[in-house]
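Please examine the structure shown below.

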Amino acid sequence: MASLLCGSTGVGAQEPPQRVPVDWPQFRPTTVLAFGEPVIPIFEGWIPNPDGTITLSFGYFNLNTEETLHIPLGPDNYIQPSEFDGLQPTFFEVAPLESGRQLRHESTFAITVPGDFRDTLVWTLRLRGEEYSAPARADHDEFDMEDFESLTFAPEAPVLSFGEDGPSGRGRRGPTTGPLSARVGEPFPLSIAVDLLSRPSTTLTWYHHQGPAEVTFSRKAIEVESSGEVTTMVTFSEPGDYVFRATALEHLGALMQHCCWTNAYARVRVTR
């Protein structure tokens, strides 16, 4: 369990700093290396929904610039209470190096809880003998998030849909489809329809969210300049159950302000 030093250390301080347990570690840029560093779960904040429920948003830091990591669901990657377990990523991509992202993969998944939920929901990762946890509560104002649409370059989250009559939605609680069926070694089409609404364009990026082995995308990031269906081909190296996340985002500034993008998830069952 990581800890954080809290307390006054200035001139005239009467009390020594106290070590207060917290569930996230301290790190500096010097700890970001090519290989061998941790993956740290992050609770980003909570959002009140119009229907009275609450959405808890999570991301992660992978402090490796070249090492992707697989941490399967189970004793090394779990959420408590267990009824909310299973949505978190198991495949952790390398640290994003774009300016402003601070090595973080933002809002990779969200969990919706009842409006009167006041327990602590905790996402825990264990890696290389170390444990990192992200506790989430919806009763701390400092973690209350809003969609500040007027402050971003992306005033509306696009609509993502799986098929003409399939699931459709906007925002970080976007649609989920599957399980779809694919085979090892055979390119499989991942298709999704994008409705830009009033946006001039968007970038649709596919992420390997869950799965036991490496995959290859024909196109990972797709520039979408008009509404319609877009497709990437994904090829699997091993059988198993996979989840892919599609994120439609016009401008990185919107993501950093927790506003105006849509996540969608496709479940794929792969056989030989």
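The following text describes the cavity and then the salt bridges.

This is a predicted model, in which local features need pLDDT of at least 70, side-chain atom pairs count only at pLDDT 80 or more, and totals for chains, interfaces and linings use all residues. Residues are numbered from 1 along each chain as its sequence is written, and side-chain values use heavy atoms, with hydrogens and water left out.

**Cavity.** One cavity of 30 Å³ or more is found in the whole structure (a set of points on a 1 Å grid over the protein atoms alone where a 1.4 Å probe fits but cannot get out; lining residues have an atom within 4 Å of a point). The largest cavity holds about 30 Å³ of space. Its lining includes Tyr 60, Phe 91, Glu 93, His 208 and Arg 245. Domain 1 (39-143) and domain 2 (159-271) each supply at least three lining residues; these bounds come from an automatic or database domain assignment.

**Salt bridges.** The structure holds seven salt bridges (a side-chain nitrogen of Lys or Arg within 4 Å of a carboxyl oxygen of Asp or Glu). Among them are these:

| Pair | Closest N to O |
|---|---|
| Glu 44 and Arg 104 | 3.4 Å |

Glu 131, at 25%, is partly exposed, and Arg 126 is partly exposed at 32%.

Technical notes: 1 Å grid on protein atoms, 1.4 Å probe; cavity = no way out; pocket = protein on both sides within 12 Å on 5 of 7 lines; lining within 4 Å. Points joined across faces, edges and corners; volume = space filled by probe spheres on them. Buried < 20%, exposed > 50% of the residue type's maximum accessible area, 1.4 Å probe, protein only.
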